[in-house]
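I am opening a notebook page for a structure that is new to me. I will write down what I look up, one topic at a time.

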Amino acid sequence: MLLKAVILFLAAMGLLAIFGKRKVSKKKPPAKPVEKAKKCPECGSYRIGAGKCACGKG
């Protein structure tokens with residue numbers, strides 16, 4: 001009985017792996033190169049998002 005439960009568990013995990021790999025393998029949009037990323041005009045650090053820079057000036 002225990003062997004049957006282990007075999008069913010492994011089969012279920014195999015199916016999840018197959019479908020998960022199919023879903024993950026879709027193409028992702030390319031990331032922006034670091035050279036084109038926005039920088040703060042005051043301190044020169046990279047800015048993330050549309051908010052203000054951490055220095056408070058830019």
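I started with the secondary structure and found one helix and zero strands in the protein. The model is a predicted one, so I read every entry here as computed. The helix, H1, covers residues 2-24.

**Surface and burial.** Next I looked up how much of the protein is covered. Buried residues make up 3% of the 58 residues. The accessible surface comes to about 5,800 Å². Carbon and sulfur atoms hold 68% of that surface.

**A nonpolar patch.** Which residues make the nonpolar surface patch? I noted Leu2, Val6, Phe9, Leu10, Met13 and Leu16. Their patch has an area of about 650 Å². I then picked out Leu10 from this group. Leu10 lies in helix H1. Is Leu10 buried or exposed? Its relative accessibility is 55%, and the cut-off for exposed is over 50%, so Leu10 counts as exposed.

**Cysteines.** I turned to the sulfur atoms. A disulfide is a covalent bond between the sulfur atoms of two cysteines. How many disulfides does the model have? The count comes to zero. I checked Cys40, which is in no disulfide. The nearest cysteine sulfur to that of Cys40 belongs to Cys43, 3.7 Å away. Cys43 is in no disulfide either. For Cys43, the nearest cysteine sulfur is that of Cys53, at 3.6 Å.

Cys40 has a relative accessible area of 3%, so I list Cys40 as buried. Cys43 has 43%, so I list Cys43 as partly exposed.

**After the helix.** I followed Ala50 to Lys38, 12 residues apart from Ala50 along the chain. The C-alpha atoms of Ala50 and Lys38 are separated by 9.7 Å.

Where is Lys57 placed? I found Lys57 in the segment after H1 too. At 64% relative accessibility, Lys57 goes down as exposed. How far apart are Lys57 and Cys43 in space? From C-alpha to C-alpha I noted 8.2 Å. In sequence, Lys57 and Cys43 are 14 residues apart.

Note on methods: Residues are numbered from 1 along each chain as its sequence is written. This is a predicted model: local features need pLDDT of at least 70, side-chain atom pairs count only at pLDDT 80 or more; totals for chains, interfaces and linings use all residues. Side-chain values use heavy atoms; hydrogens and water are left out. A disulfide is a pair of cysteine sulfur atoms within 2.5 Å. Buried means under 20% relative accessible area, exposed over 50%, partly exposed in between (1.4 Å probe, protein chains only). Helices (H or I, at least four residues) and strands (E, at least two) are DSSP runs, numbered from the N terminus. Accessible areas come from the Shrake-Rupley method with a 1.4 Å probe; for residues, only the protein chains shown count as cover. Patches are made of residues with over 30% relative accessible area and no salt bridge: like charges are joined within 9 Å, nonpolar side chains (Val, Leu, Ile, Met, Phe, Trp, Tyr) within 5 Å. A salt bridge is a side-chain nitrogen of Lys or Arg within 4 Å of a carboxyl oxygen of Asp or Glu.
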